[in-house]
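This note is meant for a colleague who is opening the model for the first time. Please keep the sequence and the structure in view while reading the numbered points.

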Amino acid sequence: MSNWRTRNRPLVILLTLLLLGLMLFPFFVMVSTMLKSSQEIYVVPATWIPRNLTFANFTRVWIEYHLLLYFRSSLIVALGTMALNILVSVPAAYAVARLRFLGRKAVMYLLLAIQMFSPVIVVISLFRIFARAQLIDTYTGLILANTVFTISFATWMMTGYFSAIPSEIEEAARIDGCSRVGTLLRVMLPIAAPGLVTVMIYNFITAWNEFLFALTFINARAKMPLTLGIYQFVGRWSTQWELLTTSAFLALIPVLVLFYLIEKQLVAGLASGAVKG
Amino acid sequence: MGASTVSLRSRYWNKEAQLAYLLMLPAVVLLLSLMVYPIAYVFMMSLYRTDRLGRLQEFAGMAAYLEVFSTRVFWETTVRTAVWTVLAVVVKAVLGMIIALVLNVEYTGRRTARMLFIIPWASSVPISAMLWKWVYDHEFGLLNQTLRATGIWTNPPVWLGAPTSAFISTIWVDIWVGVPFMALIFLAGMQAISRDLYESGDIDGANATQKFVHITIPGIRHLILIATMLSSLWTFNDFNTVFILTKGGPGTSTEILITAVYKHGFEWLRFSRAAVMAVVTFVILTMLSLIYARMFFRQERDL
């Protein structure tokens, strides 16, 4: 294949550029639109490069459209989900990875299976349950819903990281008089720290990007996370695209940065059944 | 051990097992109360008449099921969901494979290209869908402008306005989101294949296509299976793309099961019907998940 490769390298590069153009098209549009004035977006023919570059949209979304509130909500929900998820997933993962008990295999099966369930299936009844528990329009409700739907993946990933730690290390600590919980906290977690960080970031991103629960459970503007807040720019008759793209740009930066940090581990985790060994 | 006095009880209810159950308790409580119970509740809703807030009224047996199953739209939606899932996953796999092959060639800037290819996956799906809605805009969107200006298509369609083009536009966004995942998984697999295999292929005089078919594909077969399976589930569940782009319209031309559930519930307030469709979705997803889990565990055993 190597000869083929060297011979066709220019072709490959051309193909790469074409494919990249295809894949990045909406982001070019985003950047182009966010730098236009509200008049220029309704110009025919549409312009690729804004005639009058303006950053006015940035100040408008912050000052007139309360983007800060949406950012705040997203941050609270994402951090809350991350924390709650770690609190419940790490102990569960440790148990599955290291302890012998009846039903261990069943638990692993179940974790894989529920990872696939769509939130839409439960959202119609969860709405009733949240209404009764007065969790509508609360961050707590969103955090709980997001946590439940990230538990399985987080536990699955952490189980993998814990299992990879040689049991001798843990046994040595136990001989030195460390309790089970002590070894988990003082030995296992520090070794599995890179994995833990991956899982935390994954939870954060998932909650940050979540839309369905927010759409269903949140009506108050002040409680809206970014995805739902930005969706408010979409009107029935017209949409403020210059403001939408500006907000989208700002909302995407944190997730893109975080995603690059964990991308390698995420791919490995998702494919772990096949790559392992 | 081994003595019959060591009963099952002490084998499975010892300190270690107790600790395990204790550690799993918080996760189990959350899953039971906010996943299992809501699913059970959805089953109940499907068997009861419900009011406009989704509260259970009186028992109705299979009435809602019969109502839903007797409508044409339901069957059309189900078939469309199957077409949607299969078509999208196939295109994702093919495009993902092409990108993986391209990224597997060494040239300067390959790392940057890899980073850029990931963006659609790394980005937030709801936000991407909103961006695409603007891209597709008939009059002011830059897609049509580009098509017109380059002469590729002088009279481009109103993408989201007509049934066929709306279906294509919507499924394309779903594909676009899913391609990078496929590409990355395939690429990881390709890079794990030993170079010796390709070298012995060269010695045997195999051409690029033969090597691709006989070395690359078998080498990443497991990964193709896993990635296809995962991607099918995600595609089937892709509520955000459809809801944000078209809400299932125009008419029902882009409706899939998952958006139908939501709309029957929260837009038309027919919670029993929504619940019936949710149950159908649940059954389909459970079957797919079990296949996936079995595949996954079989592979674990093989290794």
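1. A:Pro45 is placed in the loop between α2 (9-34) and α3 (56-63) of chain A. Helices (H or I, at least four residues) are DSSP runs, as are strands (E, at least two), and they are numbered from the N terminus. A:Pro45 is joined to A:Val44 by a cis peptide bond, with omega at about -5°.

2. This is a predicted model, in which local features need pLDDT of at least 70 and side-chain atom pairs count only at pLDDT 80 or more, while totals for chains, interfaces and linings use all residues. Residues are numbered from 1 along each chain as its sequence is written, chains are lettered from A and ligands numbered from 1 in the order in which they are written, and side-chain values use heavy atoms, with hydrogens and water left out.

3. Two further loop residues deserve attention. B:Gly249 and B:Pro250 are linked by a cis peptide bond, with omega at about -5°; B:Pro250 lies in the loop between α12 (239-245) and α13 (257-267) of chain B. In chain A, the loop between α3 and α4 (67-98) contains A:His66, a residue other than glycine whose phi is positive, near 55°.

4. How many residues does each chain give to the contact? Chain A gives 100 residues and chain B gives 106 residues, contact meaning heavy atoms within 4.5 Å. About 9700 Å² is buried between chain A and chain B, and carbon and sulfur atoms give 80% of that area. Buried area is the accessible area (1.4 Å probe) that two parts lose on being put together, summed over both.

5. Between chain A and chain B the count is 2 salt bridges, a salt bridge being a side-chain nitrogen of Lys or Arg within 4 Å of a carboxyl oxygen of Asp or Glu. B:Arg114 and A:Glu263 meet through their side chains in a salt bridge (2.8 Å, N to O).

6. B:Arg114 also takes part in a helix contact within chain B. Helix α5 (residues 110-122) of chain B and helix α8 (residues 163-192) of chain B have axes that come within 6 Å and cross at roughly 140°. Axes are lines fitted to C-alpha atoms, for helices over the stretch in contact, and angles run from 0 to 180 degrees between N-to-C directions. α5(B) is therefore oblique to α8(B); angles under 35 degrees count as roughly parallel, over 145 as roughly antiparallel, 65 to 115 as roughly perpendicular and the rest as oblique. The crossing of α5(B) with α8(B) is left-handed, that is, the near helix is turned anticlockwise from the far one by less than a right angle, whereas clockwise is right-handed.

7. Helix α4 (residues 72-103) of chain B and helix α11 (residues 221-236) of chain B have axes that come within 9 Å and cross at roughly 135°. α4(B) is therefore oblique to α11(B), and their crossing is right-handed. Among the residues in this contact are B:Trp84 of α4(B) and B:Phe236 of α11(B).

8. In chain A, the axes of helix α10 (residues 180-191) and helix α11 (residues 193-209) come within 4 Å and cross at roughly 75°. α10(A) and α11(A) are therefore roughly perpendicular to each other. A:Leu189, A:Pro190 and A:Ile191 of α10(A) meet A:Ala193, A:Pro194 and A:Leu196 of α11(A).
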